[in-house]
Amino acid sequence: MQFAVNLEFLEAEYFLWASYGFGLDVVAPNLPMSGPPPIGARKANLDQLTNNIIIEFANQEVGHLRSLNSTVGVFPRPLLDLSAKNFAKIFDDAFGHKLVPPFDPYRDSLSYMLSCYVIPYVGLVGYVGTNPNINGYETKRLLAGLLGVESGQDAVIRMYLYERATKLVPPYQYTVADFTSRISGLRNKLGNCGIKDEGVYIQPPLGAENRTRSNVLSANFGSLSYKRTPAEILRIVYGSGDEHVPGGFYPKGANGKIAKEFLK
């Protein structure tokens, strides 16, 4: 369960900075445990509706860290790269060429919610993958509680984007659906474990009961959540496709026993 602390730090800082303009060092200064502040994080240009959503997400993530700390303990916040430059590289990799101008998640509400599509789902499938390995009622209860809220956050993000699926994302000539498909494709490629990620529109063979093209909730053939191992997650969040090679959101690697073992 401690491995998840890395992702909770990532989500907490990204949501806090975008909605409030400051992060954990202001909101809950005891939780980072003197870990380095994130790189490039700043307030996003959000409309009121989107800002309200992200404020709620941000405070939920603070709660997640507090719950993890009281149950399994946390470790110092790892160095996080939340810069527009890092997100631009992710989206360039997803499309296979440089977007002009570079993608900026802080530009507006739609850009920010597209960037959010990159993050919470990875935590969700990680929790699903962790479930069979957990022993003890208290820890299982913690995992179930975290998974429920992470799933809800992902559903809100996906519905927000699904409602705008056919809309072009300015200033590009790609739709919202195109963006979700490309990001999901990149995560599948980096994870190197087949299809465990899908955009908001898919071909019927991948839809619920092979009947739908709409894909508000991403699920497998049996309409169950996909699952990922820590190694798969690190390949994705490092952006390297290799759990031994840090980068992406974690320039110096993630923290905790599991992540550190991969860096040896």
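Helices (H or I, at least four residues) and strands (E, at least two) are DSSP runs, numbered from the N terminus. The structure described here is a predicted model, in which local features need pLDDT of at least 70 and side-chain atom pairs count only at pLDDT 80 or more, while totals for chains, interfaces and linings use all residues. Residues are numbered from 1 along each chain as its sequence is written, and side-chain values use heavy atoms, with hydrogens and water left out.

**Overall form**

The protein chain has 10 helices and 0 strands, and its elements run α-α-α-α-α-α-α-α-α-α from the N terminus on. The radius of gyration, which is taken over C-alpha atoms, is 17 Å, close to the 18 Å that the globule rule (2.2 Å times the number of residues to the power 0.38) gives for 264 residues, so the chain is as compact as a globular protein of that length. Along the principal axes, the C-alpha atoms fill a box of roughly 45 × 40 × 35 Å. Of the 264 residues, 53% are buried, where buried means under 20% relative accessible area, exposed over 50%, and partly exposed in between (1.4 Å probe, protein chains only). Among contacts (heavy atoms within 4.5 Å) with a separation of 6 or more, 71% come from residues 24 or more positions apart.

**The nonpolar core**

A nonpolar core is a set of buried Ala, Val, Leu, Ile, Met, Phe, Trp, Tyr and Cys residues joined through side-chain atoms within 4.5 Å. The largest one holds 76 residues, and Ile54 and Phe249 touch the most other members. Several helices give two or more residues to this core, including H1 (4-20), H3 (48-71), H7 (137-162) and H8 (176-191); H1 gives the most, with 10 residues. Leaving aside residues up to four places away in sequence, Ile54 touches Phe15, Ala18, Ser19, Leu46, Tyr112, Met113 and Cys116.

**Salt bridges**

The structure holds 9 salt bridges, each defined as a side-chain nitrogen of Lys or Arg within 4 Å of a carboxyl oxygen of Asp or Glu. The table includes three of them.

| Pair | Closest N to O distance |
|---|---|
| Asp25 and Arg77 | 3.0 Å |

Arg77 is buried, with a relative accessible area of 1%, whereas Asp25, at 40% relative accessibility, counts as partly exposed. Lys196 lies in the loop between H8 and H9 and Glu232 in helix H9, so their bridge joins parts that are 36 residues apart in sequence. Lys196 counts as buried at 17% relative accessibility, and Glu232 is buried with a relative accessible area of 4%. Through salt bridges that share partners, Glu13, Asp25 and Arg77 are joined into one network.

**Helix H9**

Because 7 of the 8 residues of H9 are buried, this helix is largely enclosed by the rest of the structure. Its buried residues are Ala231, Glu232, Ile233, Leu234, Arg235, Ile236 and Val237, and what covers them includes H1, H6, H8 and helix H10 (257-263). Just after H9, Gly239 takes a positive phi of about 70 degrees.
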